[in-house]
Amino acid sequence: KPSQPAVHAAAAPHDGPLREPPSAAGSLRYEAEGGDESSDDGDVLDDVIRDPITLEVMRDPVVAADGHTYERAGAERWFARHGAVSMVTGAALPHTHLVPNQVVRRLIARARPDVPLAPWRPLAAPPRTPAARA
């Protein structure tokens with residue numbers, strides 16, 4: 001199956017210390033039904049449930065306007081300091097509204113029941129932009 005290159009936190013703009021990517025020994029590995037442990041599925045799952053900047057397992061995953069999923073607290077801090085700029089690409093974003101990522105939240109709950117998830121916060125209405133008012 002084709003694989004996409006991983007986004008490495010060292011290449012992304014950030015506001016704090018970065019951790020090294022988890023070692024193969026520390027990554028989430030699971031045996032899919034009928035599969036074996038040599039599968040890359042555990043590494044893919046590990047990439048999905050970790051914040052691309054801190055590499056920590058997320059507790060309150062949200063999607064930003066760049067389509068990437070981040071830990072809410074880190075994304076809010078980033079936007080407060082840098083405005084509407086992607087943490088991964090550095091590109092300008094149309095807004096700083098964050099949407100809860102329920103799919104990633106469920107993946108974390110299933111793959112890492114030891115990680116306490118933040119209380120669920122419902123989606124608030126996004127701020128209206130001049131283009132949305134027209």
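Predicted model: local features only at pLDDT ≥ 70, side-chain atom pairs only at ≥ 80, totals over all residues.
The lining is made up of D60, P61, R72, P100, Q102, R105, W120 and R121. The volume of the largest cavity comes to about 30 Å³, and the structure holds one cavity of 30 Å³ or more.

Two of the lining residues, R72 and D60, also meet through their side chains in a salt bridge, with an N to O distance of 2.8 Å. This pair links distant parts of the chain, since R72 belongs to helix α2 whereas D60 lies in the loop between α1 (41-49) and β1, twelve residues apart. In total, the count of salt bridges in the model comes to four.

The strands are arranged as an open sheet of three, in the order β2-β1-β3, with antiparallel pairing. The edge positions are taken by β2 (69-71) and β3 (99-100), each of which pairs on one side only. Between β1, which spans residues 61-63, and β2, the antiparallel pairing extends over three bridges, and within this pairing V62 has Y70 of β2 as its bridge partner. Helix α2, formed by residues 72-82, lies across β1, β2 and β3 and runs at about 95° to β2. The same helix α2 carries R72, a residue that is listed in the lining of the largest cavity together with P61 and P100, among others.

Conventions:
Residues numbered from 1 in each chain as written. Heavy atoms only, no water. 1 Å grid on protein atoms, 1.4 Å probe; cavity = no way out; pocket = protein on both sides within 12 Å on 5 of 7 lines; lining within 4 Å. Points joined across faces, edges and corners; volume = space filled by probe spheres on them. Pairing = 2+ DSSP bridges. Helix = DSSP H or I, 4+ residues; strand = E, 2+ residues; numbered from the N terminus. Contact = heavy atoms within 4.5 Å. Axes fitted to C-alpha atoms, helices over the stretch in contact; angles between N-to-C directions.
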